[in-house]
Amino acid sequence: EEGLRPVDVLLTSAQNGQAIKELIARIEELRAGRDVYVVGVTNVGKSTLINAIIKEITGNQEIITTSRFSGTTLDKIEIPLDDGSYIFDTPGIIHRHQMAHYLSAKDLKYVSPKKEIKPKTYQLNPSQTLFLGGLGRFDFLQGDKQGFTAYFDNNLKLHRTKLQGADDFYDRHAGGLLTPPSAKELANFPKLVRHEFTITSKTDLVFSGLGWVRILAKPDSPVVVAGWAPEGVGVMVRKALI
C-alpha cells in the first residue's frame, strides 16, 4: 500500500537475543556488499537491535547509548563493516499519533513495557466502559456480553464503570484515581477524542503506542465499540494478533 517492497521479514528480539544470528546472516546475504540503514519510528528499539548485532559479532557490550526517550538518536551513527561498508543507525521517524509524544518522562514506562505483558480479561455488558488509567477509554456500545481481553503495560490501572456517567467520572477522577496523567500534568494533557467502530470478526482495537483490546465478533453478531484517546493519538482496528 505504501509502495514498499520488502524482500524478507524476520521476527527477532534484541532484548532476549532471539534470532540475532539468523538476522545477521540474512542481512549479510541480502546487502551484497552495500551499506545497511536501520530505519523506523521513534521508540521501537533500533539502537538496541544494532547493539545486539554488534555484541553477537564482536562480543562487545552496549556501543550505542539507548534510552526510552523519543528521538535520542539525534544524528546518524556509522558502524564500519569489514568490507568498507557501514551500518547506519538513523534518527527515529516521529509519528505524532503515538501516545509517547503526549506523556511526561516518568510516564513513558507505560508505553515501553520492560516485562512480558499479562493480558487481563473483563466481562462487560453493553453500556459499560473500561478506562485505561487516564490515557484512554474503551466503550462497549452494542453486542452480546463477552470477555474483552486488554493488552497494556502491567502497571497501567484499568477501571470498569458504567457508560452512563463515564464523562463525569473522567472529569472527577482524571489525575487521581485515573492516572497517568497526574493532577499536575492534567492541565496540559490533550482532551480525549472518540472513535467508533462496528466489528464483525475477531479484532484488536489499538490505541497507538499504548496497547489494545481484543474483541470477539462475527458477521451475524456484530459488536459496536468506541475507543477514546488523547487528541492526536491514533485509534484503529486490525485483525486480532492473538
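Helices, of at least four residues, and strands, of at least two, are DSSP runs numbered from the N terminus.

Q: What is the mean pLDDT of the protein chain?
A: This is a predicted model, and 94% of the residues of its protein chain reach a pLDDT of 70 or more. Over residues 67-73, however, pLDDT stays under 50. Where pLDDT is low, the predicted coordinates should not be read in detail. For the protein chain, the mean pLDDT is 89.

Q: Which element supplies the largest share of the lining of the second largest pocket?
A: The second largest pocket, with a volume of about 370 Å³, is lined by 16 residues, and Ile-57, Pro-80, Leu-81, Asp-82 and Ile-87 lie nearest its centre. At least two lining residues come from each of helix H1 (20-31), helix H2 (46-58) and strand E2 (77-80). The largest share, five residues, comes from H2.

Q: How many nonpolar residues does the lining of the second largest pocket have?
A: Sorted by class, this lining includes four charged residues and one polar residue. The nonpolar residues in the lining number eleven.

Q: Are H1 and H2 roughly parallel or roughly perpendicular?
A: The axes of H1 and H2 lie 10 Å apart, and the two helices pack at an angle of about 90°. Because angles of 65 to 115 degrees count as roughly perpendicular, H1 stands to H2 as roughly perpendicular.

Q: Which residues of H2 make the contact with H1?
A: By class, this contact has eight nonpolar, no polar and two charged residues. From H1 come Ile-20, Lys-21, Leu-23, Ile-24 and Ile-27, and from H2 come Leu-49, Ala-52, Ile-53, Glu-56 and Ile-57.

How values were computed
Residues are numbered from 1 along each chain as its sequence is written. This is a predicted model: local features need pLDDT of at least 70, side-chain atom pairs count only at pLDDT 80 or more; totals for chains, interfaces and linings use all residues. Side-chain values use heavy atoms; hydrogens and water are left out. On a 1 Å grid over the protein atoms alone, a cavity is a set of points where a 1.4 Å probe fits but cannot get out, and a pocket is an open set with protein on both sides within 12 Å along at least five of seven lines; lining residues have an atom within 4 Å of a point. Grid points are joined across faces, edges and corners, and a volume is the space filled by probe spheres set on the points. Ala, Val, Leu, Ile, Met, Phe, Trp, Tyr, Cys and Pro count as nonpolar, Asp, Glu, Lys and Arg as charged, and the others, Gly among them, as polar. pLDDT is the predictor's confidence in each residue, from 0 to 100. Contact means heavy atoms within 4.5 Å. Axes are lines fitted to C-alpha atoms, for helices over the stretch in contact, and angles run from 0 to 180 degrees between N-to-C directions. Angles under 35 degrees count as roughly parallel, over 145 as roughly antiparallel, 65 to 115 as roughly perpendicular and the rest as oblique.
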